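Open the structure in your viewer and keep the selection tool at hand. This tour goes stop by stop.

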Amino acid sequence: MAPNRLQSSRLIALAQQLRLYKPPPTLDDTDDEEQRTEESVGKVVPQLGFAYSATPVFNQPKKFTPNRAAVLICLFEGDDGELRVILTKRASKLSTHSGEVALPGGKAEEADADDAETATREASEEIGLDPSFVNIVITFEPFLSLHLVRVIPVVGILSDRKAFKPAPNASEVEAVFDAPLEMFLKDENRRSVETKWRRGMWLVHFFDYKTNDKKYVIFGLTRILIRVASVVYKRPPAFLEQNPKFKTKPRL
């Protein structure tokens with residue numbers, strides 16, 4: 001059997017469910033020219049903090065064209081049957097987000113056929129994950145990163161976790177681990193900090209996770225993981241997610 005073929009009935013059902021996912025509606029266009037100008041010049045956006053469609057940047061493609069990247073949300077069944085997601089800890093010597101938890105992925109290259117190829121190519125380079133092991137199911141709506149990169153989440157299913165032998169690229173990745181996907185819907189081992197961005201307030205969610213006597217703090221990318229977990233488990237998180245609310249001037 002090919003390594004990327006779905007083997008369990010649960011994973012087959014999950015793939016079918018995810019393929020039916022429809023992205024949430026986008027914001028209406030705004031006539032707030034001041035806001036459109038301010039947001040277009042590249043103000044600070046927290047790492048993977050916002051769904052791209054929830055930002056004013058989305059409505060001004062002529063003024064702002066962000067770089068494109070893709071991350072791989074690689075799901076598999078754990079020994080106890082729960083769904084788990086593969087994560088990495090970035091190398092401490094990297095110039096940006098050093099030592100932080102991340103999803104495998106990176107910026108798109110011209111030779112990439114699509115977002116799925118970007119995500120799987122980067123995962124192969126970063127952690128040695130053979131693309132043939134992953135069954136790509138769906139791409140989610142884009143999110144905007146700290147450095148104003150348009151990040152596309154690509155969801156794939158790893159049917160045989162034991163076939164994957166992590167081989168992290170030491171220059172990029174310090175550790176490879178996995179965590180239960182459902183934890184990103186629970187209020188356990190979670191805390192949040194309210195942060196102001198331009199004209200709105202939003203919450204940064206931090207999840208504390210321990211595995212093999214190592215402790216990790218997962219944040220930034222949590223909004224992607226919360227979104228994917230919500231779709232997979234068909235329920236919202238047990239806490240206030242609070243997407244940003246951008247204020248606009250009343251129309252005359």
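**Stop 1: a helix pair.** Select helix α1, residues 9-18, together with α4. Their axes lie 10 Å apart and the helices pack at an angle of about 110°. An angle of 65 to 115 degrees counts as roughly perpendicular, so α1 is roughly perpendicular to α4. Now show the side chains in the contact. From α1, pick Arg10, Leu14, Gln17 and Leu18. From α4, pick Val231, Val232 and Tyr233. This contact of α1 with α4 holds 5 nonpolar residues, 1 polar and 1 charged.

**Stop 2: confidence.** This is a predicted model, so colour the chain by pLDDT. The chain average is 80, and 73% of the residues score at least 70. Which helix has the lowest mean pLDDT among the elements of the chain? Select residues 33-40: helix α2 has the lowest mean, 33. Then jump to residues 115-127, where helix α3 has the highest, 97. Next, select residues 27-50. The pLDDT there is below 50, although the stretch has 81 contacts in the model beyond near neighbours in sequence. Move on to residues 52-59. Here too pLDDT stays under 50, and the model has 28 contacts beyond four places in sequence.

**Stop 3: the nonpolar cores.** Select Ile73, Leu87, Leu103, Phe184 and Ile218. These residues have the most contacts inside the largest nonpolar core, which has 43 residues. Helix α4, residues 222-233, gives this core its largest share, 7 residues. In soluble globular proteins, nonpolar side chains tend to be buried together.

Zoom in on Phe184. Leaving out residues up to four places away in sequence, Phe184 touches Val85, Phe207, Ile218, Leu225, Ile226, Pro237 and Phe239. A second, separate core has 17 residues. Find it by selecting some of its members, including Ala116, Phe133, Ile152 and Val154.

**Stop 4: Gly220.** Go to the loop between β12 (214-218) and α4, where Gly220 lies. Is Gly220 buried or exposed? Its relative accessible area is 9%. Buried means under 20%, so Gly220 is buried. Gly220 and Val101 are 119 residues apart in sequence, yet their C-alpha atoms are 8.7 Å apart in space.

**Stop 5: Thr211.** Finish in strand β11, residues 200-211, which contains Thr211. Thr211 is buried too, with a relative accessible area of 18%. Show Phe177 and Tyr216: Thr211 touches both, not counting residues up to four places away in sequence.

Methods
Residues are numbered from 1 along each chain as its sequence is written. Side-chain values use heavy atoms; hydrogens and water are left out. A nonpolar core is a set of buried Ala, Val, Leu, Ile, Met, Phe, Trp, Tyr and Cys residues joined through side-chain atoms within 4.5 Å. Buried means under 20% relative accessible area, exposed over 50%, partly exposed in between (1.4 Å probe, protein chains only). Helices (H or I, at least four residues) and strands (E, at least two) are DSSP runs, numbered from the N terminus. Contact means heavy atoms within 4.5 Å. Axes are lines fitted to C-alpha atoms, for helices over the stretch in contact, and angles run from 0 to 180 degrees between N-to-C directions. Angles under 35 degrees count as roughly parallel, over 145 as roughly antiparallel, 65 to 115 as roughly perpendicular and the rest as oblique. Ala, Val, Leu, Ile, Met, Phe, Trp, Tyr, Cys and Pro count as nonpolar, Asp, Glu, Lys and Arg as charged, and the others, Gly among them, as polar. pLDDT is the predictor's confidence in each residue, from 0 to 100.
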